[in-house]
Amino acid sequence: MIRINENYLKLKASYLFSEVGRKVSLFQKDHPEADIIRLGIGDVTKALPPSIVEAFRRAVDEMGRDETFRGYGPDHGYDFLRKAIATHDFQARGAGIEADEIFVSDGAKCDTSNIQELFADDLVIAVPDPVYPVYVDSNVMAGRTGAWDDGRYGGIVYLDSTEENGFVPEPPAEPVDLVYLCFPNNPTGATATKEQLERWVEYAKRHRALILFDAAYVSFIRDERIPHSIYEIEGAREVAVEFRSFSKVAGFTGTRCAYTVVPKDCGVWDRSGNRYELHTLWARRQTTKFNGVSYPVQRAAEAVYAEAGQREVRELSDYYLENARIIRGQLAALGYASVGGENSPYIWVKTGMDSWEFFDLLLREACVVTTPGIGFGMCGDGYVRISAFNHRDRVTEAMERIRKVLVRG
Ligand code: PLP
């Protein structure tokens, strides 16, 4: 008899964004004439920049000629891309990461989920609350948590990210084995200072823990004092894996390219205290289960690092940051407190009411979709996340509609 992985039964009924999608479809069905503006799911709306499209097209042409055709690529990515990443994203910022420590993949979502299969089942994991739901759900699927009980899973150490700590949690008092950190943060838009990250690296070293650092939104950082990479912190090479993605940096959500950095200094231990290189294990895992990202996509990603590409992707993130500025400004004028949106495309808004109630209000009265904070964790109750990923005229229209609804009360 084929039996189910019963850990799946512990999952809450639906992934947050499916629930939002369900509510929006229902609303659209009941109001077919409604012009709905989506500031919910964090998907980009602007096209791929021209120099990137050009590189993509050239590589597709190469695939169409016998002399330049390529079959299976190198397991961990083409050297041209791994080298460009190491040079531009790390070495240029003083972070000593080498090309062979970069593993090119088709998404940070899969990498942040897949990496945990390298670790023991009975690890104690720590996740921020609110949190990108993938970190939690993938651990539930792997059986690393207890049951869902009143808003949280048993067995997880939740790191409350609240107004009081500026939405950047400190390391917990107790030891944990695996910590997820995400800065600039999804959903709060908060960023961490060098000193805050130093405390996490020190904690991880002290407890032989591993930090999984998700920097998917790095391209939105404008304040140069904010670290772009965990490897800007001394000692992080020994205790941290970093996830990056071209999704938000260059509009690749539908094109798919990302990478994971696993430094050769990162250790992992067996029950008897023998040390293994995480780099070797991840390489082994990827070689077995993953067959690489297509050649044209890797050429398109490489073009991000050329002069034109750098200018164009900067314009992309500037565009969304201007949207964020408009959203923040309008909310502030209405007397709503919010964080994020300065070095991040997300604005985390204190609603003064239950977050699904606020979500429903904006959907019903303004036909604007946001994301209810509670869907990201208990600490998200009373908040919604507004995303700056949309066209300028839609953002200004959405904010005007929201203004009318909220002014009315
Ligand atoms: N990490 C975070 C924090 C995200 O918010 C997202 C997407 O929204 C991802 C990873 C997924 O990235 P990718 O498109 O590379 O799978």
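Buried means under 20% relative accessible area, exposed means over 50%, and partly exposed lies in between, with a 1.4 Å probe and protein chains only. The model is predicted: local features need pLDDT of at least 70, side-chain atom pairs count only at pLDDT 80 or more, and totals for chains, interfaces and linings use all residues. Residues are numbered from 1 along each chain as its sequence is written, and side-chain values use heavy atoms, with hydrogens and water left out.

**View 1. Asn-186 in its loop.** Asn-186 sits in the loop between β7 (178-182) and α6 (194-207). Helices (H or I, at least four residues) and strands (E, at least two) are DSSP runs, numbered from the N terminus. Asn-186 counts as buried because its relative accessible area is 5%. Its side chain makes a polar contact of 2.6 Å with the side chain of Arg-385. A polar contact is a pair of N or O atoms within 3.5 Å; within protein, one must be able to donate a hydrogen and the other to accept it, and residues adjacent in sequence count only if both atoms are side-chain atoms. Leaving out residues up to four places away in sequence, Asn-186 touches Val-131, Tyr-132, Tyr-217, Tyr-346, Phe-376 and Arg-385. Contact here means heavy atoms within 4.5 Å.

**View 2. Two cis peptide bonds.** Phe-183 and Pro-184 are joined by a cis peptide bond, with omega about -10°. Pro-184 belongs to the loop between β7 and α6. A cis bond also joins Asn-186 and Pro-187, with omega about 20°. Pro-187 lies in the loop between β7 and α6. Most residues other than glycine have a negative phi, and most peptide bonds are trans.

View 3. Around the ligand are 14 residues, the closest being Asn-186, Asp-214, Tyr-217, Ser-245 and Ser-247. A residue is near a molecule if one of its heavy atoms lies within 4 Å of it. By class, this shell holds six nonpolar, four polar and four charged residues. Ala, Val, Leu, Ile, Met, Phe, Trp, Tyr, Cys and Pro count as nonpolar, Asp, Glu, Lys and Arg as charged, and the others, Gly among them, as polar.

**View 4. Polar atoms facing the ligand oxygens.** A backbone N or O atom of Ala-108 is 2.8 Å from a ligand oxygen atom. Ser-245 places a polar side-chain atom 2.7 Å from an oxygen atom of the ligand. For Lys-248, a polar side-chain atom lies 2.9 Å from an oxygen atom of the ligand. Taken alone, the ligand exposes 400 Å², and the protein buries 90% of that. These areas come from the Shrake-Rupley method with a 1.4 Å probe; for residues, only the protein chains shown count as cover. The elements giving two or more residues to the shell are α4 (108-114) and α7 (246-250).

**View 5. Arg-285 on helix α8.** Arg-285 lies in helix α8, residues 278-289. Arg-285 counts as buried because its relative accessibility is 11%. Its side chain makes a polar contact with the side chain of Glu-117, at 3.4 Å. Apart from neighbours within four places in sequence, Arg-285 is in contact with Asn-114, Glu-117, Leu-118 and Phe-290.

**View 6. Two arginines with positive phi.** Arg-208 is not a glycine, yet its phi is positive, about 50°. Arg-208 lies in the loop between α6 and β8 (210-214). At 53% relative accessibility, Arg-208 is exposed. Arg-256 also has a positive phi, near 75°, and is a residue other than glycine. The loop between α7 and β10 (258-261) holds Arg-256. Its relative accessible area is 31%, so Arg-256 counts as partly exposed.

**View 7. The loop at Phe-69.** Phe-69 is placed in the loop between α2 (50-63) and α3 (79-90). Not counting residues up to four places away in sequence, Phe-69 touches Glu-62 and Met-63. Phe-69 and His-279 are 210 residues apart in sequence and 30 Å apart in space, C-alpha to C-alpha.

The protein chain as context. The chain has twelve helices and 17 strands. Its C-alpha atoms fill a box of roughly 60 × 55 × 55 Å along the principal axes. Buried residues make up 53% of the 409 residues.
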